[in-house]
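Thanks for coming, everyone. Please look at the screen, and I will walk you through this one chain.

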Amino acid sequence: MHPGDVQDRDGAHDLLKSARRLFPFIERIFADAGYQGTKMAKVVAETGCWVIEIVKRGEAHRFVVLPKRWIVERTFAWISRNRRLARDYERYARTVAAFIRLAMIRIMLRRLTRPTLCS
């Protein structure tokens, strides 16, 4: 995560370096059009051996489900059902990350404990 006044491609180097340390098993990055271009390709090549795939929009005036992007949007919708995460109240990014982790744990626990219908 980088500040809002830093453009996506400019903040990508530090972001990808930290992501490589935390998640060395990642092989492919799905990104939007803000991360395309030769500068971004160079940053990706410098920070690790992974493939970046730009998910582009189709027609501008029609709704189209974009591949892989709906997964992120759906997850944001699930997280925002938690009252604390419905608005941007937190001052520190570390606190937000902790509450997001708690929200995802809650979602997974509900799914794991859901009664199944067996015949």
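Let me start with charge pairs. A salt bridge here is a side-chain nitrogen of Lys or Arg within 4 Å of a carboxyl oxygen of Asp or Glu. By that rule, the count is one salt bridge. Arginine 28 makes it with glutamate 53, and the closest N and O atoms are 2.9 Å apart. Arginine 28 is in strand β1 and glutamate 53 is in strand β2, so the pair ties together parts that lie 25 residues apart in sequence. In general, side chains of opposite charge can pair when their charged atoms come close.

A word on where this comes from. This is a predicted model: local features need pLDDT of at least 70, side-chain atom pairs count only at pLDDT 80 or more, and totals for chains, interfaces and linings use all residues. Residues are numbered from 1 along each chain as its sequence is written, and side-chain values use heavy atoms, with hydrogens and water left out.

Now the overall layout. The protein has four helices and two strands. From the N terminus on, the order is α-β-α-β-α-α. The radius of gyration is 18 Å, well over the 14 Å that the globule rule gives for 119 residues, so the protein is more spread out than a compact globule. That radius is taken over C-alpha atoms, and the globule rule is 2.2 Å times the number of residues to the power 0.38. The C-alpha trace spans about 55 × 35 × 30 Å along its principal axes. Buried residues make up 18% of the 119 residues. Helices (H or I, at least four residues) and strands (E, at least two) are DSSP runs, numbered from the N terminus.

Next, the strands. β1 and β2 pair in the parallel sense, over four bridges. Pairing needs at least two DSSP bridges between two strands. Which residue in β2 is the bridge partner of arginine 28? It is valine 51. For phenylalanine 30, the bridge partner in β2 is glutamate 53. Strand β1 covers residues 28–31. Its covered face holds Ile29 and Ala31, while Arg28 and Phe30 are on the uncovered one. Side chains in a regular strand alternate between the two faces of the sheet.

Two contacts across the sequence are worth a look. Histidine 13 sits in helix α1, residues 8–22. Histidine 13 and lysine 42 are 29 residues apart in sequence, and 9.5 Å apart in space, C-alpha to C-alpha. Isoleucine 26 is in the loop between α1 and β1. Isoleucine 26 and glycine 48 are 22 residues apart in sequence and 9.8 Å apart in space, C-alpha to C-alpha.

Last, valine 65. Valine 65 lies in the loop between β2 (51–54) and α3 (69–79). Valine 65 is exposed, with a relative accessible area of 53%.

That is the tour. Questions, please.

Note on methods. Buried < 20%, exposed > 50% of the residue type's maximum accessible area, 1.4 Å probe, protein only.
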